[in-house]
Amino acid sequence: MLVAFQLNGEPVELEIKPNQTLLEVIRRDRALTGTKEGCGIGECGACTVLLDGWPVRSCLTLAVDVRGRQVATIEGLAQGVKLHPLQESFIKYGAIQCGFCIPGMLMVAKALLDEKPKSTEQEVRAAIAGNFCRCTGYVKIVEAILAATEDLR
Amino acid sequence: MEEFRYIEPKSLRRACDLLKQHQGEAKLIAGGVSLIAMMKNRLVRPGVLVNIKAVRGLDKISFRPRSGLRIGPLVIHRRVAAHPLIRERFGLLAEAASEIGSPAIRNMGTVGGNLCHADPNGDLAPALLCLDARLKLVRPGEKRVVSLDQFCADYYTTCLEADEILAEILVPLPARRSGGAYLKLKRTATDMAVVQVAACLTRDARPGVCALARIVIGSVGPYPILAREAAEHLVGRGLSPEVIEQAAALAAGQAQPSADARGSADYKKEMARIFVERALKLAWERASGSD
């Protein structure tokens, strides 16, 4: 099936098989390997991308189902070489260890700040509740997101 | 994932026809969160997927005082959890929706999908049973309305016929002076429930007396259980801590949990008792604050 959608703001039109997930299309067909596959069944959050601005699991999304919609991946977060304030903040606060969960973390954080720029710690924790990190213990990730909310104000 | 044929019908009628035509190998898909995960694990291997997202009019929420709340099956959980009127007047339903999976799952999963998947740990069925919701089921030339009790038939099994589709969820407005609560015990932020309790209590005109009660316990059997005896124990009585404790014990007596990774049967039964007690206290407190 020929499916047209927006990928990081650019129109794309791809030949997609019904059994391909959005994750497979992003990583294999588009070679955007920033989005990670963790569990593959929607539990871990590593594959999180934004669909029309809202976080979804790309591993559970049929690619044919994004027709006409806006998909945003980690590759679209920075503006050229200028990192997004969230990315700057993650670096500054040492929120990254192995890094595998970070693309998903950044995408849910971006969605949260777009929706609610003045998020509280509780809201930040609720927003990342579905994103597993097995290294950091989350504290620095929460600090980094909160600091970015300050910067964006 | 294994290959399958993918069809996007534009009408419910056509969707029903496709389900009939491909009976035994077709599956209906909406949000996909449960189905795609099961297909990846090869727990189900449908040859045909019928996606009803292109069917218009199935993603609406509407309310009229007399007929109550109407929710389309394609409404996603985030919308139920955030909807101002649902939060204000059907609060326990908003609480249940906000407890489903993770934020990303709530952006994908639909109310209809959650109910039709009929997971014994599902969050919406106990809440909707507590609110005495009705489900409108359609197939060509036929329409029927069933209660949640009738709908949930067994583990992962509903009363839906092969070519029948859940078309609408109808929730009556709780009586005046009512308060509700939905409580879920879970091991981690995004886990399925160990036990769930939904309770709705209505104050009598006589101060301190309970006029109506509905209590549902979930995850302790094949489907949510309406704890009738426990509810009857409350009606017409003043709700002292002792009366609430007695009702909680009665409700827990109806639990039929099985042991699994989330706990032993005895543990779940005990947690059901404690969570019924807490839910009743909270619902009563809320009922006391509403007119």
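Q: In which sense, parallel or antiparallel, do strand 1 and strand 2 of chain A pair?
A: This is a predicted model, where local features need pLDDT of at least 70, side-chain atom pairs count only at pLDDT 80 or more, and totals for chains, interfaces and linings use all residues. Residues are numbered from 1 along each chain as its sequence is written, with chains lettered from A and ligands numbered from 1 in the order in which they are written. Strands are DSSP runs (E, at least two residues), numbered from the N terminus, and two of them pair if DSSP finds at least two bridges between them. Strand 1 (residues 2–7) and strand 2 of chain A share six bridges, and the sense is antiparallel.

Q: Which strands stand at the edges of the sheet in chain A?
A: The open sheet has five strands with mixed pairing, in the order 2-1-5-3-4. An edge strand has a single partner strand, so one side is left without a neighbour in the sheet. In chain A these are strand 2 (10–15) and strand 4.

Q: Which residue is the bridge partner of A:Gln6?
A: Strand 1 of chain A spans residues 2–7 and pairs with strand 2 of chain A. The partner of A:Gln6 lies in strand 2 of chain A: A:Pro11.

Q: What is the radius of gyration of chain B?
A: It is taken over C-alpha atoms; the globule rule is 2.2 Å times the number of residues to the power 0.38. For 291 residues that rule gives 19 Å, and chain B is close to this, so it is as compact as a globular protein of that length. The radius of gyration of chain B is 19 Å.

Note on methods:
Helices (H or I, at least four residues) and strands (E, at least two) are DSSP runs, numbered from the N terminus.
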